[in-house]
Amino acid sequence: MIAKISSGKSTTGLIRYLYDTKKAKDHTDPHLVASWDGFAPDPGRTDDFAATKKLLVADLDLHVKQAERLGRAPEQHVWHCSIRAAETDRHLSDEEWADIARRVVATTGIAPEGDPDGCRWVAVRHAPDHIHIAATKVRSDLRTARHWNDYLTADRELAAIEEEYDLHQVARGDRTAAKRPTRAEQEKTKRAGQARTARERLRTTVRTAVAAAASTEEFIHLLEHTDGILVDVKHFPSGDVRGYTVALEGDVNTVQEPVWYSGSELSPDLSFPKIRKRLDATEPRQGPRKTNSWHQATAAVERIPHRLEHGEGTAAQAHLAALGEALDALPLRAAQAIQPQLRQAAEAFERATRSRIQAEHRHARALRGAVRAMVREPTPKDGTLLAMFLDAAILAVTAAARWHQLRHHDQQVVAAHQALAHLQAAYEQTAIAPLTVLAQRRPPTQVVERHMLLIRQTMPDHAERVLEDPAFDALAAVLADSEKAGHDPKQLLQQAADQRSLDDARRPARVLTWRVERLRTRSAPSARARAAQAQSAARRSSTLVQSPPAAPAAQPQSPQARRR
C-alpha cells in the first residue's frame with residue numbers, strides 16, 4: 001500500500017473532487033466508509049446531493065471556523081491522504097478500508113486513538129483499489145493537530161497492515177530516493193508527447209556529465225555545451241561557484257519562463273557540494289596511460305563484490321556510487337543498438353547507489369579515474385572490451401543487491417534487480433559477435449584436450465560446468481592465443497579462477513574467457529625470464545631434497561658450566 005499526503009486550503013474543493021463523477025471518469029459510486037464519529041452525512045447515499053455535501057463541509061470546518069474567530073486557524077487547514085492498494089491485491093471491503101483509515105489517522109496524529117478532542121475526518125471510497133481521507137487540522141480544543149512526519153508514520157502503519165491483511169508488501173524507502181515527478185509534471189509531459197518528464201531527462205544528463213568530468217570546472221563546461229540544456233551557475237561574492245540550476249529548452253511555465261531545477265531537486269547526490277566532494281576524490285590523469293583504461297575499469301569493477309563483502313559500510317557505499325557513475329558513462333562509448341538498454345540499466349541502478357550510509361569516496365578513486373580515462377578514448381571497434389566490462393558489472397550489481405538486502409534496503413534491492421535485467425540483455429547482445437569470432441578459431445583437438453586437462457586440474461569443482469558451456473570453444477581459442485604469446489595457460493587459468501569465485505556465474509566459460517583475455521594482454525615473460533624462473537624453481541626443489549635435517553637446538557647451559 002502506498003500513501004500520499006498533502007495539505008490544502010479548501011475543504012469544499014477537496015470534497016467536490018472526491019464525489020465528482022463527471023470530470024473524473026474513474027470515480028464510481030463515491031461514498032463514505034468511515035468518519036470521525038461514524039455519523040457524518042454522506043452525499044453519496046442521499047437524494048439531495050448538493051445539500052448533504054454542503055452539510056458535510058460545514059461539519060468538517062466547524063472547529064476551523066471557531067479557530068478563525070480567535071486568529072488561531074492554520075492557513076492550510078485541510079489534510080488529505082490517499083491510500084492505494086497494489087494491483088495484485090484483492091479488493092478490500094468497506095469495513096476493511098474503514099479499519100485502515102482509523103489506524104492511519106490515529107498513527108499520524110490527526111485523530112489519536114482514545115483522544116476525544118481529535119480532528120474531524122472522513123474516508124471516501126470512489127474506486128475499488130483506494131480511499132481518500134479528508135480531515136481538517138483543528139482539534140475540538142481548537143489546537144492545531146501535531147502531525148509531523150505523518151508520511152513516515154503512515155508508511156510504517158501501512159507496512160504492518162500489509163502483513164496483517166496478507167497484501168503485497170511494498171519496498172519501503174530510506175528517504176534517499178530522488179524526488180518523483182509531480183502529477184502536474186507528468187500531465188505536462190503527456191501533453192507534449194514525451195516519454196519522460198523534464199526532471200527525469202535533466203537528471204540523466206547531469207549524472208552523465210558527472211561521470212565524464214574529472215573536475216567541477218569540467219562538469220560545468222560539459223553541461224553548458226550540452227544541446228538542449230540551459231545552465232545557470234551561481235557564484236559567491238568571491239567568484240567561487242556556489243551552485244547551479246538547469247532547465248530544458250522549451251520547458252516553460254505559464255509566464256513563458258524556463259522551469260529551473262537545482263541539483264538537489266533532481267537527486268540528493270547531485271547538489272553542487274556533493275558533486276565537488278566526489279570529483280575531488282577522482283584519481284587525477286597523469287599523461288598517457290600505459291595500460292588499457294577498459295581493462296583497468298573492468299579490474300576495478302571485478303573487485304567490488306569482495307569490497308562489498310569484506311569492506312566497511314562507508315567504503316562499500318563509495319564503490320556503489322562509483323559503479324553507478326561507470327554505468328552512467330557506458331552509453332557514451334557503446335554501439336547505438338544497445339545504448340537504450342545501458343541507459344535503462346543506469347537509470348534503474350541510480351536508486352541503488354545511495355543509502356543512509358555515507359560514502360567515503362576516496363576508496364573508489366581507481367574505478368572513477370579509469371572510467372574518466374575510458375570516456376576519453378575512442379569507441380572500441382568490436383564488442384570485446386564492452387563485453388568484458390559488462391560481464392564484471394553484472395556480478396558487481398548482483399553483489400550490490402545482496403549487500404542491500406542484508407541491510408534491508410528494500411528499494412535499492414528492487415533497483416539493482418531491475419538494472420541487472422537490462423545489463424544482462426545488453427551483455428547477451430554485445431557478447432555474441434566477439435564470442436563467435438573466437439569460437440571460429442578453435443585450436444586443434446590435441447591442444448583442446450590439453451587445455452581441458454588443465455581446467456580439471458586448476459578448478460575441479462567447476463570443470464564440468466566450464467567444459468559443457470557453449471562458450472568453451474572461445475575459451476580454448478583464448479588459451480591457445482595466450483600460449484602462443486608466451487603465457488603459461490595453467491597459470492592464467494589459476495589467476496582467473498582466483499580473482500573471483502565461479503559459484504554464482506551462470507556461464508563460467510564466458511567469465512573465464514573475458515578474464516583470460518584481459519590477463520593475456522599483460523606482457524608475457526621473455527624466454528630468458530622463463531628459463532630463470534625454471535632454474536630457480538629447480539634449485540629450490542633440489543635444496544629441499546638434499547639439505548640434511550636441521551641439528552637439534554643446543555640445550556641451555558647451567559650457571560656452573562658457564563663459569564667453567
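Val-231 stands opposite Val-246 of strand β7. Strands β6 (residues 229-235) and β7 pair in the antiparallel sense over 7 bridges. Two strands count as paired if DSSP finds at least two bridges between them. Helices (H or I, at least four residues) and strands (E, at least two) are DSSP runs, numbered from the N terminus. The hairpin of β6 and β7 has 5 residues between the strands, and Gly-239 takes a positive phi near 100° there.

The model is predicted, so local features need pLDDT of at least 70 and side-chain atom pairs count only at pLDDT 80 or more, while totals for chains, interfaces and linings use all residues. Residues are numbered from 1 along each chain as its sequence is written, and side-chain values use heavy atoms, with hydrogens and water left out.

The structure holds 4 aromatic pairs. Rings of Phe, Tyr and Trp (its six-membered ring) pair if their centres lie within 6.5 Å; planes under 30 degrees apart count as stacked, over 60 as edge-to-face and the rest as tilted. The ring centres of Tyr-244 and Phe-272 are 6.5 Å apart and the planes stand at 70°, so this pair is edge-to-face. Tyr-244 is buried, at a relative accessible area of 4%. Phe-272 is buried too, with a relative accessible area of 4%. Buried means under 20% relative accessible area, exposed over 50%, and partly exposed in between (1.4 Å probe, protein chains only). Phe-219, Tyr-244 and Phe-272 form one aromatic cluster.

Leu-142 is buried, with a relative accessible area of 16%. Asn-149 lies in the loop between β5 and α5. Its phi is near 55°, again positive in a residue other than glycine.

The structure holds 1 cavity of 30 Å³ or more. A cavity is a set of points on a 1 Å grid over the protein atoms alone, where a 1.4 Å probe fits but cannot get out; lining residues have an atom within 4 Å of a point. Grid points are joined across faces, edges and corners, and a volume is the space filled by probe spheres set on the points. About 40 Å³ of space lies in the largest cavity. Its lining includes Thr-11, Leu-60 and Ala-134. Helix α1 (11-19) and β5 are the elements that give two or more residues to this lining.

Terms used: 1 Å grid on protein atoms, 1.4 Å probe; cavity = no way out; pocket = protein on both sides within 12 Å on 5 of 7 lines; lining within 4 Å.
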